Amino acid sequence: MKQTSLFHNEADTPLADRMRPMTLDEYIGQKHLLGEGRIIRTMIERDEVQSMIFWGPPGVGKTTLARLIARYTKAEFITFSAVTSGIKEIKEVMNKAESAREMGQKTIVFIDEIHRFNKAQQDAFLPYVERGSITLIGATTENPSFEINNALLSRCKVFTLEPLDTEDLYDLLKRTLKDQRGFANMDVAIDDASLHLIAEYANGDARTALNTLELAVLSGQTSSIASKVTKEIVKQCISGKMLLYDKNGEEHYNLISALHKSMRNSDADAAVYWLARMLEGGEDPLYIARRIVRFASEDIGMADSRALQIAIAAYQACQFLGMPECSVHLTHAVVFCSLAPKSNSLYMAYEAAAKDARNTLSEPVPLQIRNAPTKLMEELGYGKNYQYAHDFKEHLTTLQCLPGKLEGKKYYNPSDQGVEKRVAERKRQIEEWKARKRAEEKQQNK
């Protein structure tokens, strides 16, 4: 249990903690959940709070909202850490909560970063949630569908918390300058433009906004009760735009999906933007290059086979140069792929063939297309009636290459996009030639 030292100084507490909202009126953002008549506000007003998961990016008020719920519902508030809380500690606290419930005392158990709890830890809460001994509130920046056990997730309502608007953050910073918990006791000189700059930099994260303001005020301090924050000081405190990006989290997959779908939709401008979002957020350029290589065949394919060559060249450039130099090569590949004619015929061909392959794994390879390296194999008919295409004038034969069950099956159906239109015509000519020749052979064998 956390204890306060006799020598604890409130001024030593980070500004973001000092400015944590004490009432729902102070809470900013999330109006879709806390506005008049909205679901969480209604639950609080009726004192009918259920177990729930708050899912959203850092600094949007997940922990604060859980604390406010506990305060408004007059419940005991207990926090757990995935690092320090083992199964034994969880069960001890849960038993105390069970006893408290019997005495009419509610307990809200808050688990920050619940995605860091392993399966056994999450399962330890399950019976107490089911019995109503506790109200569980979890907070996570990761997709609950992937990170939380289904059994526990099914007993919790998931609420998505959104990044805060720049104007909301600006209002928070203005309030902080006048609040006793903030800088009301200091003469802070900072203009609105600088506050807006900090709000924009924070990118929806209240904690980042407050921490940046605190650093700026301390950097501009001229005395114990005065600070002059210039634009130069603010710029020094802001080394670059805060980018919401986690290479191992859901945002990683959201952004690569955005890049892929923008290229597929032939939107070069959007594709370059999402590429920049990933690279500026620290993504491995080789990962992006691999995805572009895949795209070149999956979404362009035979419509313009140069896409695969350019994608592989971009991958090699990333290996040779690394960031930041290789950003232009990735842009080259992304723009080419975006503007190239599109065809998913290769992707569809493989998917259809793979489905049949899984259902016909025991189908033997036709004898005529087997090799016969030994005399025994030759005697068994391996390679019998094989037709060597180059021995024929048209370099075509009527040889049947599919297993008997799949004879006549077609997997590759070329589109009429780009170069593939010519490929489609060539395939049609081959199929017509084979059909005609087989009909002639059939007639001769009668």
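This is a short exchange about how terms apply to one predicted model.

Colleague: What should I know about the model before we start?
Modeller: It is predicted: local features need pLDDT of at least 70, side-chain atom pairs count only at pLDDT 80 or more, and totals for chains, interfaces and linings use all residues. Residues are numbered from 1 along each chain as its sequence is written, and side-chain values use heavy atoms, with hydrogens and water left out.

Colleague: What makes β2, β3, β4, β1 and β5 a sheet, and in which order do they stand?
Modeller: Strands are DSSP runs of E with at least two residues, helices are runs of H or I with at least four, and both are numbered from the N terminus. Two strands pair if DSSP finds at least two bridges between them. Here 5 bridges join β2 to β3 (residues 107-112), so these two count as paired. The 5 strands form an open sheet in the order β2-β3-β4-β1-β5, with parallel pairing.

Colleague: Why are β2 and β5 called edges?
Modeller: β2 (76-80) and β5 (157-160) each have a single partner strand, so one side of each has no neighbour in the sheet. Neighbouring strands are turned by 20° against each other on average, direction ignored.

Colleague: Why are α5 and α6 called roughly parallel?
Modeller: Axes are lines fitted to C-alpha atoms, for helices over the stretch in contact, and angles run from 0 to 180 degrees between N-to-C directions. Angles under 35 degrees count as roughly parallel, over 145 as roughly antiparallel, 65 to 115 as roughly perpendicular and the rest as oblique. α5 and α6 (residues 119-131) pack at about 10°, with axes 10 Å apart. The pair is therefore roughly parallel.

Colleague: Which residues make that contact?
Modeller: Contact means heavy atoms within 4.5 Å. α5 gives I87, I90, K91, M94, N95, E98 and R101, while α6 gives A120, Q121, A124, F125, Y128 and R131. Ala, Val, Leu, Ile, Met, Phe, Trp, Tyr, Cys and Pro count as nonpolar, Asp, Glu, Lys and Arg as charged, and the others, Gly among them, as polar. By that scheme the contact has 7 nonpolar, 2 polar and 4 charged residues. Helix α5 (residues 87-102) also lies across β2 and β3, at about 170° to β2.

Colleague: What pairing does the sheet of β6, β8 and β7 have?
Modeller: The pairing is mixed, in an open sheet ordered β6-β8-β7. Its edge strands, β6 (187-189) and β7 (221-223), each pair on one side only. β6 and β8 (residues 226-228) run parallel, joined by 3 bridges. D187 has A226 as its bridge partner in β8. Helix α11 (residues 206-219) packs on this sheet, touching β6, β7 and β8, and makes about 45° with β7.

Colleague: What makes the peptide bond between M323 and P324 stand out?
Modeller: Most residues other than glycine have a negative phi, and most peptide bonds are trans. The bond joining M323 and P324 is cis, with omega about 5°. P324 is in the loop between α16 (306-321) and α17 (327-339).

Colleague: What is the phi of Q30?
Modeller: It is positive, about 55°, although Q30 is not a glycine. Q30 is in the loop between α1 (15-18) and α2 (31-34).
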